[in-house]
Amino acid sequence: MLLKKRIPMKYVLGKIKVELGLVLAYTILFEIFHNYFINLPVDIPIAIPTMIGTIISLLLAFKSNQAYDRWWEARIVWGAIVNDSRTLIRQVLTFYKDPDFSVEASEFKENFAKRQIAWCYSLGQSLRNRDAITPIEGLISEEELRFIKNHQNVPNAILMLHAKDLRNARNTKHINMYQQVEIDNTLSRLCDAMGKCERIKNTIFPTTYSMYIRLTLCLFILLLPFGLISVLSWFAIPLITAIAAAFFLIERMAIHLQDPFENRATDTPVTAISNTIEKNIMQMLNEYQSEFDIIKEFNLSTEPVKVDKNTYYVL
C-alpha cells in the first residue's frame with residue numbers, strides 16, 4: 001500500500017487509460033466528422049450536459065462517501081486488532097503462574113505469542129484471497145500446522161489453538177478461573193474483529209448502482225461535444241478529455257475504496273499493521289525472556305552456606 005508517498009501520475013492515469021482512450025477517440029472523430037465530412041446541425045444547449053454533470057456529481061459523492069465508510073471501518077477494525085493483540089500477550093505473560101521460571105512456562109508463552117503473530121498474518125492473507133499458511137510456517141509448530149491445514153478458515157483454527165492452550169493452563173492451575181475469563185474475552189474480541197473483516201469483504205457493493213453511474217457518465221460524455229460545438233471547436237477535445245478524466249478518477253477511487261482487502265495501493269495496510277504487531281509482541285516477549293534468563297542465572301549461581309545450623313543462600 002502506498003502511504004505518505006507521492007503517487008506517480010502514470011499509476012493514476014493507468015487506472016482509466018481505456019476510458020480516456022475511448023473518450024479521446026470519440027471527441028477527435030466527432031470534430032473530424034463535424035468539420036470535414038458532415039456539418040452536424042445539432043446544437044444542444046450547454047445547460048443539458050451541465051444538468052447531467054450535476055446529477056453525476058451527486059451520485060459520485062454519495063458513492064464515494066459510502067465507499068470511504070467501508071474503508072474506514074476496515075481500518076478501525078484493524079486498529080482494534082492491534083490493541084487486542086497487545087492485550088492478549090500482556091495477559092498471557094503476566095497471568096501465567098510460574099514461580100520456578102520453568103522452561104515449560106517460557107515455551108508456553110513464546111508459542112502463544114508467535115501464534116498470535118501468525119493469526120494476524122493469516123487473517124490479512126485470507127482477506128486478500130491469498131495463501132494464508134505459507135507465511136506462518138516459521139511461527140507455529142509442525143503439529144499445530146497439521147491441525148490448521150485441516151480447517152478452511154485458518155485464522156479461526158489458530159483461535160481454536162489459543163483456546164486449547166488456555167484450557168490446559170486452567171486445568172494445570174497456571175491461571176485461575178477469573179484470568180481465564182479475561183483472556184477468553186480478549187479472544188472473543190479478536191474473533192469479532194475477524195467476523196467484521198469478513199463481513200466487509202463478502203458484502204458486495206450494489207452493482208446496479210455502479211452501472212447507473214457509468215451509463216449516466218457515458219451519456220454526459222456523448223452529449224458534451226454537441227454543447228461545445230459553437231464555443232470551442234477543436235479546443236473541446238482536451239477539455240472534454242480532462243472533464244471525463246476527473247469523473248472517471250472519482251468513480252475508480254470509490255470502486256477501490258469500497259473493497260479494502262483486494263491488495264491494491266488504496267487498501268487497508270494489513271501486512272504493515274501485522275508487521276507492527278509482530279514487532280510489539282516480540283519486544284514484549286524478549287523483555288520477559290531477559291527477565292527469565294536473569295532470574296534463572298541467579299538461581300543457579302546461589303550457593304548454600306551453613307551458619308548456626310541454618311541454611312542461608314549467599315547472593
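Helices here are DSSP runs of H or I with at least four residues, numbered from the N terminus. In this predicted model, Asp84 belongs to helix α3. Asp84 has a relative accessible area of 10%, so it counts as buried, the cut-off being under 20%. Apart from neighbours within four places in sequence, the residues in contact with Asp84 are Thr186, Arg189 and Leu190.

Helix α6 covers residues 154–171. Its 18 residues reach 26 Å from the first C-alpha to the last, close to the 26 Å expected at 1.5 Å a residue. After α6 comes Lys173, which has a positive phi, near 65°.

Buried residues of α6 include Val154, Pro155, Ala157, Ile158, Leu161, His162, Asp165 and Ala169. An α-helix has 3.6 residues a turn, so residues three or four places apart point the same way. Leu159 and Leu166 are also buried in α6. The cover over the buried residues of α6 includes α3 (47–95), α4 (103–127), α5 (142–149) and α7 (177–202).

| Residue | Relative accessible area | Class |
|---|---|---|
| Asp84 | 10% | buried |
| Cys197 | 0% | buried |
| Cys218 | 33% | partly exposed |

A disulfide is a covalent bond between the sulfur atoms of two cysteines. Zero disulfides are found in a search of the whole structure.

Methods. Residues are numbered from 1 along each chain as its sequence is written. This is a predicted model: local features need pLDDT of at least 70, side-chain atom pairs count only at pLDDT 80 or more; totals for chains, interfaces and linings use all residues. Side-chain values use heavy atoms; hydrogens and water are left out. Helices (H or I, at least four residues) and strands (E, at least two) are DSSP runs, numbered from the N terminus. The expected span of a helix is 1.5 Å times one less than its number of residues. Buried means under 20% relative accessible area, exposed over 50%, partly exposed in between (1.4 Å probe, protein chains only). Contact means heavy atoms within 4.5 Å. A disulfide is a pair of cysteine sulfur atoms within 2.5 Å.
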